[in-house]
Amino acid sequence: MVRYLPIVWSALRRKPVRSVVTALSIGAAFMLFGLLKGMTLGFDAWLAEMSETRLYVQNRTLSSYGMPITYVQQVKEIEGVEMALTMNGMGGYYQDEKNTFGIPAVMEGFFQMFPEVQLPDGAEAEFWTLRTAAIPGRSLAEKYGWQVGDHIPVIGIPRVDGSTTWEFDIVAIFDTDDVSAGLQQQMIMQYEYLNQSASNTPDTIYTVWVEAAPGRANEISQRIDDHFASSTSPTSTQTERENAENQLQRIGDIEFFVNAVVGASLFTILIVTAGTMVQSMVERIPEFAVLKSFGFEIKALALITLLESFGLCLAGAILGVSAAYAAAPWVLPLLNPIVTQLPLSLTWNALGVVLLMSAICAIWPTYRLAHNSVVDGLAGR
Amino acid sequence: MKQAIAVTWINLQSIPRRIGATLVMVVGIAGVVGVLSAMLTLTQGLAGTLMNSSSPLRAVMLSEGAHFIGVSSLSPEHIQVTETAPGVARLADEKPAVSRDVRVSVTLVGKEDGIRKGVVIRGLSPSFFEMRTDVQLTGGRMFRSGLNEAIIGEQAQRQFAGTDIGDTIDVTGHPLQIVGTFTSGGDWYESGFMMDAQTLNAARKTTSVHSLIIWLESEAAFTELNDHVMAHPTLKFQALREPDYYQRLDDAWSTMRRLLMIVGSIMAVGGLFCAFNVMYSAVSAREVEIATYKALGFGASGILVSVVVESVVVGGLGALLGTGVTWLLFQGNTVTTGGWDASVVHTMDVSLWVLVQGLVAAVGIAVLGAIIPAWRAVRLPVTEALRH
C-alpha cells in the first residue's frame, strides 16, 4: 500500500487549488458535524453520568404547582430512603439583563448528595453560617471576575420587601469534573434565604431529592408515589436520569434536528467530493490506462482511488474537527447550558464518517476504471 | 455590453457539456439553502406567532424587574391604580379596558411525539373578550365564569392529546372542562387555553395576578399611562408597550436563531468553497474557448461577466431546488417549540420571503465563489491556453 502513496500524492498535487478547496469544503461540513454531533454526544455522556439512585420527586400534574414542605420529612421516613432534601431556586442576572444564570437554593445535606459539586476544605461550614452566602461555579465566577469575599447584588425574583435585588456574599467557588462543567454556570444559595425573602408562597417546595438504597430505585419511587397518591398534591418520582431525559426532550427534539442538519450538510459535501473525485479521475483516464498497461490490477487502481478520496476526506475532517474543538468553548454556551466542551468520542465518530465517505466517493471512479479498456483509456475516452 | 451578453449566452449553452460539475454545484448550493430555509421558516414562524400577539395599542403591566410574566405578581392595589390611570381606553359601559392576566401551566402529551410539554392556561377578564373581537369561537360554546370551564386554541388542540370538547384536564387538583375551541388570528393565545381570571384565581386561592393587559386610547397614550405608573414608585411595577414585551420574549427563544446563525455561516462557507471549486474547473474546461475570445479581441468584461453569470444561474437553480425540498418536507407542518412551561405552536410556512432570502444567500455565495476563477479567466495567457 505504501508504494502507491507517491501516485496518490502526485494525483492530489496535480490540481493543488482544487484539492485544497475540496478539503476546505469538507472541513466546513466536519466543523458543523463536530459542533452539533459533539453536542449531542455530550448530552449522552451527561445522561450516562446521571445517578440511578438519586430520585427526583415533583408534583404529578405540573412541577410548578409545588408541594408542601412537610413532604421532605414524610419522604425521609419512607423505608429505603437514605437521604431526602429539597431544593428551590430562581433565575437571576448580574449587571447584564441578557445573561441570566440559575441560582439553586439548597439545604443541608446537598453537598453530600451531590459530590460532583466540589468545594475547597472548610467552605461548607462557612456557607451554612452566613444566610446570604453564595458559591458560584468556577466559570460563572471567572465570567464576572468574582473573588471570595466579594459582596454582589443579583437581580432575581421579587422579594417580600418588593425589591428584586438580592445581596450575596461569595464564600467559595466550586469546581466540577468536565462532564458536569455546565453546572459551573450556576450559583448556589441557601434555601432558607430564598424561602424567607422571596415574595412568592413560602414553604412551597417544587422538588424533593432522594438518595435511594442502591438497586432499589424503581421500588422506592413507587413507594413514594403511593404514599402521596391520595393527598392534595400527588407526586411523580423519577430517577435523575429519567428526569434529565425528559428535560432534554422538552427543550425540543434536539437529536432529530441535529441529525437532520448534519445529515443534509454531510450529504451535500458527499456529492461535492464525489463530483470532484469523478472529475479528477476523468482527467487522468489516460494515466490510469498507462498504469493498467503496465500490469496494475484493478484492485490496485481501486486502492489508489480509495486512498486519494480518503486523503481528501481525512484532511478535511482534521481541519473541520480541529476547528470545531477550537470554536466549541465560544459556540456551545450560546446553544445549551449543559455541554460546553466537545467529548473525545467525537474523534472516533468523525473517523467513521471519513471512512464511509471516502469509500462511497471511490465507488463510481472505480467502476469506470474497471469497465474501461486500455485502448479507450489511452485515447482519453 | 453586447459582447458580454453574447459570451454569457454561448457559455450558458455549453453547460450541458459540463453537466456533472454543474450538478455538483446545484446540489451543493441546494444543501446550503435547504437547511437555511428550513431554519428560517422555523424561527420566523415563531417570531411571527409571538409578534402577532402584540399590538401597539396595548400595554402590559409587570412587577418591576420582572422580565417575563412568570416571575411577575401584581396585587389588587396594582390593579386598582392601573384601572384609574389616564390614557386607558373605555369599554361600552365606560369601565376601563383592562384585563387581568393570570396564567398557570399544565403538561399535556403531544399527539405525534408522545412528549409531555407545557401548555399555558390564561385567566382573563370579560373585558378581554369585549376588546379582542378577533377572538372567534369555532366550536362548542364560551366558558362561563364561576365554573371550571375553558376554551382551547385550535393550534393547541391539533398538537395535544386529550383536548377535545368535553374532555377534562387536571389543574392543581381541580378538573377543568374544555367547552369550546377558538382562533385568534394565529397568535400565541391559540397555543393554549383561556378561561375566566376570577375562577382560575379561586382555584389558585389568591387575589394577585401575573400581569394586566391594558388597551390604550391611542399609541401616544402610553406616555400618560407610564407617567401614572412612575408616580407610584412604592408599588414597584412597570408598564411595557406590548410589542416591546413580545420582542423581549422572542429574545428569550433566541437559541434557535443563534443556531441558525452558526449553522448558516458554516454551511455558507462550505457552499462558497464548493462554488469556487466548480467555477474554477469550469474556467479550466473553457480555457481554449476563453483564449479564442481573447484572440478575437473580446474584452475582459465579457469573459468576467460570463463566469459570474454562470455561477449565479447555477447557484439560483440550487436555491430553488433547496427551497423546493424544504417546502415539500415542511410546508404546513405544525411544530411546537417548547419553553419550560409554555409551548408556542405554529404552522410552518415556507413563504416567498424565505425563498427570497435563500436566493440572496445563494447569489452572494455564487458571486463570491466566482470572483477568483473569473479573474483567472481574464488573466489567462492566450498563447499558452491555445497550445493545448
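Student: Is I152(B) buried or exposed, and why?

Tutor: A residue counts as buried under 20% relative accessible area, as exposed over 50%, and as partly exposed in between, with a 1.4 Å probe and protein chains only. I152(B) counts as buried because its relative accessibility is 0%. This is a predicted model, in which local features need pLDDT of at least 70, side-chain atom pairs count only at pLDDT 80 or more, and totals for chains, interfaces and linings use all residues. Side-chain values use heavy atoms, without hydrogens and water.

Student: Which residues does I152(B) touch?

Tutor: Contact means heavy atoms within 4.5 Å. Not counting residues up to four places away in sequence, I152(B) touches Q157(B), T163(B), I178(B), G180(B), T181(B), F182(B), G192(B) and F193(B).

Student: In which strand of chain B is I152(B) found?

Tutor: Strands are DSSP runs of E with at least two residues, helices are runs of H or I with at least four, and both are numbered from the N terminus. I152(B) is found in strand 5 of chain B, residues 149-153. Five of the five residues of this strand are buried, so strand 5 of chain B is largely enclosed by the rest of the structure.

Student: Which strands does strand 5 of chain B join through bridges?

Tutor: Two strands pair if DSSP finds at least two bridges between them. Strand 5 of chain B is joined by five bridges to strand 7 (residues 174-183) of chain B, and the two run parallel; here A150(B) stands opposite I178(B). Two bridges join strand 5 to strand 8 (residues 193-196) of chain B, running antiparallel, and I152(B) stands opposite F193(B).

Student: Which residues touch the most other members of the largest nonpolar core?

Tutor: A nonpolar core is a set of buried Ala, Val, Leu, Ile, Met, Phe, Trp, Tyr and Cys residues joined through side-chain atoms within 4.5 Å. In the largest core, of 96 residues, they are F30(A), F33(A), L36(A), M357(A), M25(B) and V263(B). Helix 12 (residues 298-335) of chain A gives the largest share of this core, 14 residues. Leaving aside neighbours within four places in sequence, L36(A) is in contact with residues including V258(A) of chain A and L259(B) of chain B.

Terms used: Residues numbered from 1 in each chain as written. Chains lettered and ligands numbered in written order.
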